[in-house]
2 protein chains.
Amino acid sequence: MKKLNIRELAKSLGLSASTVSKALKDSYEISNATKQKVLEAAERLDYTPNPYASSLRKKRSKTIAVIMPEVADNFFSLAINGIQSIAKTKGYHVLIYLSHDKFEHEKMIVEDCRSGRVDGVLISISGETTSAEHCLKLRSEKIPVVFFDRELENLDIPKVITNDYDCGNTATRHLLERGCKNPVFLSLSSSLSICAKRAKGFAAALCETGINPERKIIACDGNEDAVIAEIKKLLLSSHRPDGFVASVERLAFQVYIASEEIGIKIPDDIKIVAFSTVETAPILNPSLTTITQPAFQMGRAAAELLFRNIEKPYLDLSRERIELPSKLIIRNSSGGNRVIN
Amino acid sequence: MKKLNIRELAKSLGLSASTVSKALKDSYEISNATKQKVLEAAERLDYTPNPYASSLRKKRSKTIAVIMPEVADNFFSLAINGIQSIAKTKGYHVLIYLSHDKFEHEKMIVEDCRSGRVDGVLISISGETTSAEHCLKLRSEKIPVVFFDRELENLDIPKVITNDYDCGNTATRHLLERGCKNPVFLSLSSSLSICAKRAKGFAAALCETGINPERKIIACDGNEDAVIAEIKKLLLSSHRPDGFVASVERLAFQVYIASEEIGIKIPDDIKIVAFSTVETAPILNPSLTTITQPAFQMGRAAAELLFRNIEKPYLDLSRERIELPSKLIIRNSSGGNRVIN
DNA sequence: CTGAAAGCGCTAACAA
DNA sequence: TTGTTAGCGCTTTCAG
């Protein structure tokens with residue numbers, strides 16, 4: 001049984017291709033009797049429409065692209081889940097692209113999205129990205145773009161983010177309340193919106209308490225071993241930090257490893273809070289106090305926003321900005337053990 | 001500057017569309033001078049070819065599908081990375097689909113792949129899947145399929161797997177060596193190849209030691225809370241297990257939580273080994289002994305196999321079977337603390 | 001080396 | 001309510 005096309009299906013029914021096409025779409029122009037017959041024959045003859053022919057003709061691909069730095073971070077796994085859950089209800093397909101946190105890669109991927117391959121793009125930008133030319137260009141070609149989580153500020157592109165500043169502040173105040181005198185902030189890159197905002201919240205909390213935040217924000221942009229070495233150096237330095245705010249979950253793991261290796265105890269010697277969705281936070285040694293982002297919900301919200309724009313291209317959503325709050329979940333790594341909001 | 005097509009690009013150069021098409025493909029039929037001109041103009045006028053027109057004509061989509069049960073398990077995140085790394089070198093795009101471990105979903109997704117949307121499919125089957133009709137049908141329509149990790153045995157479909165039986169055996173023997181008298185195996189579903197094979201290895205290890213493996217393989221197919229409750233019940237029962245082999249990482253976490261909640265100590269009261277790629281294994285409380293699968297490499301190998309078949313459809317790869325070994329990494333949850341192979 | 005023509009499979013106008 | 005026609009944008013003969 002070889003694959004047949006709509007014309008052959010039509011012929012086998014003594015109908016025209018356009019009638020069949022409309023019938024399959026349940027068009028009001030077609031009689032019920034015909035629809036029945038067409039559906040039955042399509043089923044029986046195992047007809048599968050060619051999506052690319054349809055895309056070419058309709059200039060709609062029924063596909064979106066998701067561009068993210070990586071997929072290993074639990075946040076992005078959860079976000080993909082959220083995105084998929086919406087895409088599925090819309091009958092859309094999801095292409096995944098990884099920038100590996102490189103601007104050059106990201107740019108090429110976005111460039112490719114201009115081809116018409118996708119109807120919209122969800123993007124969490126790389127740590128190296130400082131300009132949104134590429135995204136704006138996409139939009140100028142009528143392909144809607146939505147930022148999720150990692151965005152570029154002061155830019156009229158719709159975005160779904162979390163309350164990074166507040167959470168940076170809350171996390172830091174939590175450490176201060178737990179007795180930290182010299183907390184530091186572990187950042188990935190100062191150009192990365194989420195790090196910058198979280199760091200600002202951190203700095204503000206220090207200032208409120210009369211601590212000068214200068215030199216307390218540390219960029220951890222090396223590979224895993226380099227970061228661990230850097231943290232060890234920090235822990236062995238004369239002015240040793242007694243608290244850490246990790247801007248992404250990986251950095252928290254590295255603090256755990258570094259402390260273990262040089263025999264420093266969490267939370268007695270140092271305390272730590274991490275921005276993280278890691279599932280194992282409660283069973284780490286010690287359990288990890290986290291600022292947990294609503295990753296699934298953010299993915300869902302971003303996808304919803306994107307589809308709103310795909311379905312109604314005339315809407316100007318460029319200033320749309322959805323902020324979903326993260327939650328501080330206090331566990332043992334910061335010395336506490338209760339849940340507040 | 002509106003989007004132009006190949007004909008317009010050609011016209012602006014005083015050439016025909018076909019010449020331009022060939023030039024862009026660096027065809028030997030075209031003079032170097034012309035190629036130069038075409039490339040320059042394409043760049044200058046910002047020409048982007050329409051991939052769907054090309055797909056329609058060439059009957060090649062330059063896209064593959066990856067179907068997996070979920071993306072939250074770290075294994076799949078790593079596998080996606082491996083798959084992407086190959087797809088990128090081939091200039092291929094990657095569509096991600098999640099079956100949420102439901103056969104019905106999986107079937108619909110596979111069904112959709114028959115449309116020509118993709119040139120090949122990588123699939124890790126759902127826990128409910130017991131027949132590969134849907135996959136065989138795909139292949140009968142000349143769309144290559146490769147199983148990765150979760151497969152169906154005794155089926156001539158190329159596959160990339162790990163040494164599940166051996167590892168189930170090794171893990172169990174490790175527990176027995178560490179003094180366990182009553183180990184149990186936590187399975188997801190007996191129909192799932194990986195669970196079945198790991199369980200067989202487990203049972204064999206028990207038999208070798210003269211322990212009857214009956215009723216020691218426990219299906220944990222409920223939701224998170226149900227599984228935790230089940231494990232607690234087990235831990236409070238008269239014939240309490242003193243060792244656990246967790247067939248997937250999630251189950252190990254649930255053992256940790258259950259033990260914590262009823263005050264049972266790992267590794268003193270019970271020992272545990274888990275099939276897992278979780279990054280936090282070394283910093284869990286206690287650190288988790290794992291059988292770690294080469295997830296990235298498996299993704300890569302599966303993609304390579306798939307592309308081999310896409311590029312040479314006449315090859316019969318149906319009996320191809322790549323087995324990449326997993327590694328037992330001994331940590332504290334099983335009482336040990338050294339690395340063997 | 002270049003171009004003209006045909007058509008991949010579908011759908012949107014427009015006619016009937 | 002159904003059918004005819006004309007493409008969507010590209011690539012592939014095949015002819016020049």
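Student: Which strands of chain B does helix H8 (residues 164–177) lie across, and at about what angle does it run to S8(B)?

Tutor: This is a predicted model, where local features need pLDDT of at least 70, side-chain atom pairs count only at pLDDT 80 or more, and totals for chains, interfaces and linings use all residues. Residues are numbered from 1 along each chain as its sequence is written, while chains are lettered from A and ligands numbered from 1 in the order in which they are written. Helices (H or I, at least four residues) and strands (E, at least two) are DSSP runs numbered from the N terminus, contact is C-beta atoms, placed from the backbone, within 7 Å, and axes are lines fitted to C-alpha atoms, for helices over the stretch in contact, with angles from 0 to 180 degrees between N-to-C directions. Helix H8 lies across S6, strand S8 (243–246), strand S9 (271–275), strand S10 (289–292) and S12 of chain B, and its angle to S8(B) is about 160 degrees.

Student: Which are the edge strands of chain B in this sheet?

Tutor: Two strands pair if DSSP finds at least two bridges between them. The open sheet holds 6 strands with mixed pairing, in the order S7-S6-S8-S9-S10-S12. Its neighbouring strands are turned against each other by 20 degrees on average, direction ignored. Two of the strands pair on one side only, and these edge strands are strand S7 (217–219) and strand S12 (327–329) of chain B.

Student: Turning to chain A, what is its radius of gyration, and why is it called more spread out than a compact globule?

Tutor: Chain A has 12 helices and 12 strands. The radius of gyration is taken over C-alpha atoms, and the globule rule is 2.2 Å times the number of residues to the power 0.38. For 341 residues the rule gives 20 Å, and the value for chain A is well over that, so the chain is more spread out than a compact globule, with a radius of gyration of 25 Å.

Student: What percentage of the residues of chain A count as buried?

Tutor: A residue is buried if 20 or more other C-beta atoms, placed from the backbone, lie within 10 Å of its own, exposed if 12 or fewer, and partly exposed in between. Of the 341 residues of chain A, the share that counts as buried is 49%.

Student: In S9(A), which residue is the bridge partner of Ala246(A)?

Tutor: Strand S8 (residues 243–246) of chain A pairs with S9(A) in the parallel sense over 4 bridges. Strand S9 (residues 271–275) of chain A has 5 of its 5 residues buried. Both of its faces are covered, with Lys271(A), Val273(A) and Phe275(A) on one side and Ile272(A) and Ala274(A) on the other. In that strand, the bridge partner of Ala246(A) is Ala274(A).

Student: How many residues does chain B bring to the contact with chain A?

Tutor: Helix H4 (51–58), helix H5 (74–89), strand S2 (93–98) and helix H11 (249–262) of chain B each supply at least two residues to the side that touches chain A. By class, that side has 20 nonpolar (Ala, Val, Leu, Ile, Met, Phe, Trp, Tyr, Cys and Pro), 12 polar (the others, Gly among them) and 5 charged residues (Asp, Glu, Lys and Arg). Chain A gives 37 residues, and the number from chain B is 37.

Student: Which element gives the most to the surface near DNA strand D?

Tutor: A residue is near a strand or molecule if its C-beta atom, placed from the backbone, lies within 6 Å of it. Among the 24 residues around DNA strand D, Ser18(A), Asn5(B), Ile6(B), Ser18(B) and Ala53(B) come nearest. By class, this surface has 9 nonpolar, 10 polar and 5 charged residues. With 5 residues, the element that gives the most is H4(B).

Student: What is the phi of Lys59(A), which is not a glycine?

Tutor: Lys59(A) sits in the loop between H4 and strand S1 (63–68) of chain A. Lys59(A) counts as exposed because it has 11 C-beta neighbours inside 10 Å. Its phi is positive, at about 55 degrees.

Student: What is omega for the cis peptide bond from Asn285(A) to Pro286(A)?

Tutor: Pro286(A) lies in the loop between S9 and strand S10 (289–292) of chain A. The bond from Asn285(A) to Pro286(A) is cis, with omega near -5 degrees.

Terms used. Two residues are in contact if their C-beta atoms, placed from the backbone, lie within 7 Å.
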